Amino acid sequence: MSDEMQPGAEKGASISQPPRREFKARGSFVERCTDCRLPQLNCLCSYRTSADSQARIWLLTHPLEHYKPTNTGRLIGDVLAETRVFTWYRTFPDEQLLALLDQPGFAPFIIFPDDHSDYADRIVGQDAVEDAKSAGLIPVFIILDGTWRQARRIFRRSSYLDRLPILPLETQKQTRYRLRKPASPSHLCTAEVAAELLRQNGDVDAADTLDDYFDTFNASYAASRAHHKLEQPTAAMARLLARKAGRR
Ligand SMILES: [Zn+2]
């Protein structure tokens, strides 16, 4: 991806040429931080901080998502160092993922909605996660990272996932994500899904930190799109800075 400079291009000023504006909305020409990939106007790096959790997150990411700077899955690994990211390919599974699925000590769960009867026998609840922890296993939440359509495709076309229990995320929360328009307010983005799973698992500190980091990403990116430099830290930013100072 080239980041040729054309300041202000991301917002897209032309109303008379919608296709061009749509192209520009992807932000190819904005000058980005090489670390966090956000527009440099409001870089995320100074807010990056880590947390610990009992549960692990593994992402199975659609190849098209890796290149999108608006992808929120990558935020999870910034906060939780043990996060694993695998690229999903239709034709062959990731060898490392297959090996990890067979490794004793982990209890992997696929995170997916329970809206089809043909896999109803695989649906479990948080009690199954608690049982796994009681048995000394590390719960692993496998999140299919892509659009909802891509996630469905990954779910349907990955036979190596068929033996795993499915844990639907039960939440009334609505998405706070401002960088892409969701099909429904109840469609949480990947970082929000991870934060809710961690919270329900009792990993409250990790969930709070990821939530704040996601809020910071959201606010920073949205401000940059409006060519606005955030001069004052938001409440989430202030909490992350205090956390970083405390962990030094
Ligand atoms: Zn940065």
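R37 lies in the loop between helix α1 (18-24) and strand β1. Helices (H or I, at least four residues) and strands (E, at least two) are DSSP runs, numbered from the N terminus. The model is predicted: local features need pLDDT of at least 70, side-chain atom pairs count only at pLDDT 80 or more, and totals for chains, interfaces and linings use all residues. Residue numbers start from 1 along each chain as its sequence is written.

Most residues other than glycine have a negative phi. R37 is not a glycine, yet its phi is positive, about 70°. R37 counts as partly exposed because it has 19 C-beta neighbours inside 10 Å. A residue is buried if 20 or more other C-beta atoms lie within 10 Å of its own, exposed if 12 or fewer, and partly exposed in between, with C-beta atoms placed from the backbone.

H227 also has a positive phi, near 60°, and is a residue other than glycine. H227 sits in the loop between α7 (204-225) and α8 (235-247). With 12 other C-beta atoms within 10 Å, H227 is exposed.

Strand β4 (residues 138-145) has seven of its eight residues buried, so the rest of the structure largely encloses it. Two strands pair if DSSP finds at least two bridges between them. Strand β1 (residues 56-61) runs parallel to β4 and is joined to it by six bridges. T61 has D145 of β4 as its bridge partner. Strand β3 (residues 106-111) also pairs with β4 in the parallel sense, over six bridges. I111 has I143 of β4 as its bridge partner. From β3 the chain passes through helix α4 (residues 126-134) to β4, a right-handed β-α-β crossover. Right-handed means that, with the strands pointing away from the viewer, the path from the first strand over the helix to the second runs clockwise.
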